[in-house]
Amino acid sequence: MTQLRIGRRAALATGLAGIGMGEAAAFERDGQRKILVVAGGQPVPVLDPHVRYDWSTRMIQQSVYDALVKYVNDPPNIVPWLAERWEADADQKVWTFHLVGNARFHNGDPLDAEAVRYSFERGLRLNKGVAWMLKEVLPPEAITVVDPRTVRFTLSRPMPSFLTFLPLWFIVNPKQVQANVQNDDYGERWLTTNAAGSGPFRLRRFDPQAVIHMDAVADYWKGWPMPERSRLSGVIYRVVREPAARRALLQRGEADIITEIPADDFEQMKGMRGMQPADHRGMTTFAITMNTTKGPTADLNIRRAIAHAMDYDALLQIHNNAASLMTSPFPEAIPGYIPVPGMPRRDLDKARAFLAQSRFPNGGFEVEYVHVQGLEDPRRIGLVLLNSLQALNIKVNIVAQPWPTMVARGAKPETTPDLVSVYVTPVCTDPDVIASKYHTRAQGQYWGMHHLNDAEVDRLVDAARVETDEAKRNGLYGDLQKRVVELQPEIFGMLANRRWLMRDYVRGFAYCPLRLTGEVDLHPMWVEAG
C-alpha cells in the first residue's frame, strides 16, 4: 500500500482558502498521484443538479453526476453517456433511451431506468434550475420506465431541441435522495451540500464559499481515458475571488489551473516559463442588460441613446483584441444567426438625437451599473460606460456585488438595477436557448434581467421552437434578431475568447464552447509532474 502524505499544494490550498491548517489532513494525497487544484472566483452555493447551474456549480456537478448524453469537442457534439443509444418518432415527440448496463452510483446501487425517470420528475416538480428547458413539453407523468434499461419520454408537442438539453439533466440516486427528504422537499435541502451521483469523482468536502474537494472514483463505470498510473487521486476547487490572488497561486504552483483571468494578466503570463495557456474562440456573449420596465432605461429612446454612446472599441481593447463585437443578439456559431443591419456602434450624434426624444432630453440623471464582484473585465467595462455616458450628461454608479446577490436583485423588475453586466453561454446548440432569453418567460432568470415584454418577440420565439422545417425556423429566428435589436433591451457587447492558464505539466484539457465561463471537464484531465 502506498504511504499517504499531505501534498504541498494541497496543504497550502487548505490554509489559503481560510480553513485552519489543523484540517489539512483532509487533503491527503498519495505519493504516486496528484490532486489537481483549480482556482476560480465563483463559489458553489448549491450543489443540487436540478436547482442551480452556473459555471462553477456545473463543473462540480458534471464531476460527481452523469447524464444520458454529454457535449464534447469544438464544435460541440453530443456523445452517448448513460444512454448507449436512442431513437425518436417521426414527429420528434416520443424519445426512447436505452441505458448502458454497467453504470452504478457511488454507493454501489445500479443506475437504472427508474433512476432516470425519478431524476427528470424531480427536476420538473421542483421547477427550479434546469426545469425551464423541458417543463412546457414534458409532464412528469409522461416519463415511463419500459424496462430496467429503457426509459421513454412522451412530449406534448414536437421539440427539435429536446436532445440538445439533456446533457444538463444529471441523474441522482432515488434511494439516497428519498432517504433524506424533509417536508416533501425531494431532498433539496440535503442535496444542497451533499451528492448522490455516479460520476468520475466522489464528493469528500463541500465548503461552498471556500473549497470543494473530490476524490477520483477508481472503478468509475465509464472508465478513464488515461493509464491507471496517470490518473488523479482527486480535485480541489478553490474559491479565490480576486484575480491577483489567483494569479499568484498559479505562479507559486499552489494552483494548477486558474480561470476568470483579466486580459492583461493573460497576456503577461501566457509566455512565462512553466505556463500553458488555453485561448479559444467562444460562444459566450457579453452584454449589459437594461431594465426595460423601471427607471430611466424603461424609456426606449434612453436605451438607444446609451447603446449609441457606448465606446465599443474600448471593449476590444480591454480584451487585448481577443474578442469580436456582436453583430446580432445571437452568437455567430448558433444556427439561425444573421448579421443584423444597423447594430449600434458609437455615434454621439445619434445618441444625442435619441436622448432628445426621451423623457430626459438633457440627461441629468444617474444609472446604476452592477457587475460581479471580483471580475476585473466587467469592472473596467463599467469605467468605459461611465466615460461614454458623460457625453450625454448621464452619471454611472458602478457597483460590485456577489453573483447570488446580483441574481436575486434581478429576479424582479422593482429591484433590478438599471444596467447589469451579464455573460451568457448557450447551454446547448439549439437557437431556442438564445431566443428564449428575450421571451417574457425569461423574467426572473439572470439572463432575463432586462424584463422585456413584447408580444411580437414572444410570438416569434414560440413559433420557431416548434417549427421542424429548418428553413422556416431560421427565417423566424432572423426576424426575431431584428426585432430584439429594435427594442434594445441590452447593450450588445462582444464575444470574448475563452481563456485558462495552467501549469505546463497539466494534461487532458479539452475545450468545448458550450461549457460555461470557466468550466473545465475534469474527467479527462491528469497531471504529468509537479
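In the predicted model, 33 salt bridges are present. One of them joins the side chains of R204 and D215, with a nitrogen-to-oxygen distance of 3.0 Å. R204 belongs to strand β10 (residues 201-207) and D215 to strand β11 (residues 211-216), so the contact ties together parts that lie 11 residues apart in sequence. Side chains of opposite charge can pair in this way when their charged atoms come close.

An open sheet is formed by 4 strands in the order β6-β7-β9-β8, with antiparallel pairing. Its edges are β6 (83-88) and β8 (143-147), each of which pairs on one side only. From one strand to the next, the twist averages 20 degrees. Helix α3 (residues 113-126) packs on this sheet, where it touches β7, β8 and β9 (150-154). The direction of α3 makes about 180 degrees with that of β8.

Within the sheet, β6 is joined to β7 (residues 94-99) by 5 bridges, and the two strands run antiparallel. In this pairing R85 stands opposite H98 of β7. V145 has V151 in β9 as its bridge partner. The strands β8 and β9 form a hairpin, with 2 residues between them.

The largest cavity holds about 590 Å³ of space. Its lining consists of 33 residues, and E260, T284, L375, Y423 and T517 lie nearest the centre. By class, this lining comprises 18 nonpolar, 8 polar and 7 charged residues. At least two lining residues come from each of α7 (243-252), α12 (376-390), α13, β19 (419-424) and β21 (498-503). Strand β19 gives the most to the lining of the largest cavity, with 4 residues.

The second largest cavity has a volume of about 120 Å³. It is lined by 14 residues, of which Q62, Y65, D66, K70 and W81 lie nearest its centre. Helix α2 (55-64) and strand β4 (69-72) each supply at least two residues of this lining. The lining of the second largest cavity divides into 8 nonpolar, 3 polar and 3 charged residues.

The residues lining the largest pocket are 11 nonpolar, 5 polar and 7 charged.

Terms used
Residues are numbered from 1 along each chain as its sequence is written. This is a predicted model: local features need pLDDT of at least 70, side-chain atom pairs count only at pLDDT 80 or more; totals for chains, interfaces and linings use all residues. Side-chain values use heavy atoms; hydrogens and water are left out. Two strands pair if DSSP finds at least two bridges between them. Axes are lines fitted to C-alpha atoms, for helices over the stretch in contact, and angles run from 0 to 180 degrees between N-to-C directions. Contact means heavy atoms within 4.5 Å. Ala, Val, Leu, Ile, Met, Phe, Trp, Tyr, Cys and Pro count as nonpolar, Asp, Glu, Lys and Arg as charged, and the others, Gly among them, as polar. A salt bridge is a side-chain nitrogen of Lys or Arg within 4 Å of a carboxyl oxygen of Asp or Glu. On a 1 Å grid over the protein atoms alone, a cavity is a set of points where a 1.4 Å probe fits but cannot get out, and a pocket is an open set with protein on both sides within 12 Å along at least five of seven lines; lining residues have an atom within 4 Å of a point. Grid points are joined across faces, edges and corners, and a volume is the space filled by probe spheres set on the points.
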